[in-house]
Amino acid sequence: MTVHTETTDHRVRPLISGSRFVHYLMLIILLSSGSVASVTAQQASQAEQMRELREELAVITDLGLLLGFILRMDQEEPDLALRSSQVSQLRSITDEIAATERLEPQTARKMLDTIEEEVLTPEQLLHTDKLFITREETRVPGSGSSGGSTVSPAQDDGSSAGGSAAAYAAGEPYNPLTDHSRQVGETFRKLRERLQD
């Protein structure tokens with residue numbers, strides 16, 4: 001007797017057909033690229049915010065520069081040396097700076113205005129302005145100061161506890177003028193010594 005056996009097709013059907021697989025693959029790619037674009041946009045926004053913050057904090061650097069130039073002027077220009085009344089006024093301002101853990105841009109701006117409008121004579125102000133101009137003309141971009149008094153805002157990469165823009169943004173103490181590891185802090189210290197004489 002002949003036994004007839006039936007063969008069964010054991011081929012496994014794919015879970016996803018060819019066209020549907022392509023569809024799912026494209027969907028995954030689109031979602032992934034969207035996530036990457038979102039992260040990139042967020043990083044660009046954060047970088048822009050940090051750039052704007054550094055520009056805002058630049059007035060504190062300018063205050064440090066001015067104080068450094070005043071010390072230099074007092075030491076190098078006998079005709080423009082500080083008078084006793086000016087020493088007293090600057091001592092009051094520098095004492096306030098030294099006692100401030102978090103120096104705000106608005107406070108630095110007021111101090112700058114006070115020094116320029118109420119403390120320095122027109123001749124002294126003109127001399128410090130010339131020092132500012134000379135510094136800008138001789139400074140190599142990104143190299144910091146050439147006038148021997150402070151660090152460029154471009155160098156503020158968050159590595160210094162006293163002068164980190166990231167620290168300021170996080171609400172932490174921020175006063176680069178009292179950070180003796182920076183040249184601006186060392187110059188500020190020397191000026192305070194001079195004002196105590």
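## Residue Glu-96

At 44% relative accessibility, Glu-96 counts as partly exposed, a class that lies between buried (under 20% relative accessible area) and exposed (over 50%), with a 1.4 Å probe and protein chains only. The structure is a predicted model in which local features need pLDDT of at least 70 and side-chain atom pairs count only at pLDDT 80 or more, while totals for chains, interfaces and linings use all residues. Residues are numbered from 1 along each chain as its sequence is written, and side-chain values use heavy atoms, with hydrogens and water left out.

Glu-96 belongs to helix α2. Leaving aside residues up to four places away in sequence, Glu-96 touches Thr-107 and Met-111, where contact means heavy atoms within 4.5 Å. Glu-96 and Met-111 are 15 residues apart along the chain, and their C-alpha atoms are separated by 9.9 Å.

## Overall architecture

The chain has six helices and zero strands. These elements are DSSP runs numbered from the N terminus: H or I of at least four residues for helices, E of at least two for strands. In sequence order the pattern reads α-α-α-α-α-α.

Of the 197 residues in the chain, 34% are buried. Among contacts with a separation of 6 or more, 69% are between residues 24 or more positions apart.

## Packing of α2 against α3

The axes of α2 and helix α3 (residues 105-119) come within 11 Å and cross at roughly 175°. That makes α2 roughly antiparallel to α3; angles over 145 degrees fall in this class, under 35 is roughly parallel, 65 to 115 roughly perpendicular, and the rest oblique. Axes are lines fitted to C-alpha atoms, for helices over the stretch in contact, and angles run from 0 to 180 degrees between N-to-C directions.

On the α2 side, Gln-86, Gln-89, Leu-90, Ile-93, Glu-96 and Ile-97 meet Thr-107, Met-111, Thr-114, Ile-115, Glu-118 and Val-119 of α3. The residues of this contact divide into six nonpolar, four polar and two charged. Here Ala, Val, Leu, Ile, Met, Phe, Trp, Tyr, Cys and Pro count as nonpolar, Asp, Glu, Lys and Arg as charged, and the others, Gly among them, as polar.

## Packing of α2 against α6

Helix α2 (residues 84-98) also packs with helix α6 (residues 183-196): their axes come within 10 Å and cross at roughly 135°. This angle makes α2 oblique to α6.

From α2, Val-87, Leu-90, Arg-91, Thr-94, Asp-95, Ile-97 and Ala-98 meet Phe-188, Leu-191, Arg-192, Arg-194, Leu-195 and Gln-196 in α6. The contact comprises seven nonpolar, two polar and four charged residues.

## Aromatic pairs

Rings of Phe, Tyr and Trp (its six-membered ring) pair if their centres lie within 6.5 Å, and planes under 30 degrees apart count as stacked, over 60 as edge-to-face and the rest as tilted. By this rule there are two aromatic pairs. The rings of Phe-69 and Phe-132 have centres 5.0 Å apart and planes at 85°, so this pair is edge-to-face. The pair links distant parts of the chain, with Phe-69 in helix α1 (residues 18-76) and Phe-132 in helix α4 (residues 122-138), 63 residues apart. Phe-69 is buried at 1% relative accessibility, and Phe-132 is buried at 18%.

For Tyr-168 and Tyr-174, the ring centres lie 5.4 Å apart with planes at 75°, so the pair is edge-to-face. Tyr-168 is buried, with a relative accessible area of 9%, and Tyr-174 is buried at 3%.
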